[in-house]
Amino acid sequence: MSETIAKKTILSGIKPTGSLNLGGYLGAVKNWVALQEDYNCLYMLADLHALTIRIDPAVLRKNSMELFALYIACGIDPEKNLLFFQSHVPQHAELSWILNCYTMFGELNRMTQFKDKSAKNAENINAGLFTYPVLMAADILLYQSDLVPVGEDQRQHLELARDIATRYNGVYGDVFKLPEGYTPKVGARIMSLTNPTHKMSKSEEDENGTVNLLDNKDAIIRKFKRAVTDSETCVRHAEGKDGINNLMSIYSAVTGKSFEEIEKEFDGRGYGDFKLTVGESVAECLAPVQQKYNDLISDKAQLEAIYKRGAEQAGYMAMKTLRKVYKKVGLIPRA
Ligand code: AQP
């Protein structure tokens, strides 16, 4: 058996609902880079998922190309991984419909992310927001993925994907592999700099709370200088010190230093000093990513060649599963 066949398959993706920020980078993309040697990795750009919110078409196009180039600029090698746009592989939407018919209303109604997101978007609680986890199940099951890196907020969706697969397999035989969650060795949940009890999110309204990967050095340092801390002056990781804990997590993720080392380094030094150092180290960490991004984004032909090849190869894998699924439920095979 060749080495490639023995490797496990991992699938993940990010929605282009905004610019990639430090949360998505440290919490997801940076870990993906570390996986590319040991797994068959499929990294999609989850553009269909982005449509559950109203987004200006020009903004969506810009975000999508930017995010695709950033995947590569962050170190995801298109020669070692499959990189593609979800919307370029129509089997995602096709399988999603079939799986909708094997998902119960009550199951979707229990999804806490649906409740959270509909509370935030009371004027646009669309059916896509409700069935989002079914499309996510289709994304995962199409490629017979073994592992899916998921943050805490996606864990319930992964459980649902397993339940849907189990239900389908129970009727038709073992068509879908049951995916497991993958927890990265180093995981960081990055919080907003101005509201450190909330995660740093693409849709956050306060731009000072979010550090985007393409922010320039001055903007990065300015945002860190304004970061919310607490009334102590001691850099230590402790309950209730959400702002400092978050800054320590960020500093630890970009430098590799442990919390203990960080506490020692800043012993007796004030918060101003700490915030400036964190800002500078983040800017330093992002400089090569930005340099590579600038080279890539001006080479549209190269990007197009990469996503075209990605969609062809992903489509080939996806079709194998979809053909089986269609056949099992009794649809006439395509001539
Ligand atoms: N702040 C974060 N800390 C750690 N990990 C994060 N991720 C996102 N924000 C953080 C991880 O990035 C991956 C892709 O996320 P996504 O864009 O598909 O969905 P999301 O988690 O809903 O991201 P946002 O920024 O909050 O988007 P909006 O505002 O549009 O809903 C996931 O693996 C996620 O865990």
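## Composition of the ligand shell

The residues of the shell around the ligand comprise 5 nonpolar, 7 polar and 6 charged. Here Ala, Val, Leu, Ile, Met, Phe, Trp, Tyr, Cys and Pro count as nonpolar, Asp, Glu, Lys and Arg as charged, and the others, Gly among them, as polar. This is a predicted model, in which local features need pLDDT of at least 70 and side-chain atom pairs pLDDT 80 or more, while totals for chains, interfaces and linings use all residues. Residues are numbered from 1 along each chain, and side-chain values use heavy atoms, without hydrogens and water.

In total, 18 residues surround the ligand (a heavy atom within 4 Å); the closest are Lys 117, Lys 199, Ser 201, Lys 202 and Ser 203. Helix 2 contributes the largest share, 4 residues.

## Contacts with the ligand

Polar contacts are pairs of N or O atoms within 3.5 Å. A polar side-chain atom of Lys 15 lies 3.0 Å from a ligand oxygen atom. For the side chain of Lys 117, an N or O atom is 2.5 Å from an oxygen atom of the ligand; for Lys 202, the corresponding distance is 2.4 Å.

## Helix 7

Helices are DSSP runs of H or I with at least four residues, numbered from the N terminus. Helix 7 covers residues 127–142, and Asn 126 caps its N-terminal end, with a side-chain oxygen 3.0 Å from the backbone nitrogen of Gly 128. Just after helix 7, Gln 144 takes a positive phi of about 50°.

Technical notes:
Helices (H or I, at least four residues) and strands (E, at least two) are DSSP runs, numbered from the N terminus. The expected span of a helix is 1.5 Å times one less than its number of residues. A polar contact is a pair of N or O atoms within 3.5 Å; within protein, one must be able to donate a hydrogen and the other to accept it, and residues adjacent in sequence count only if both atoms are side-chain atoms.
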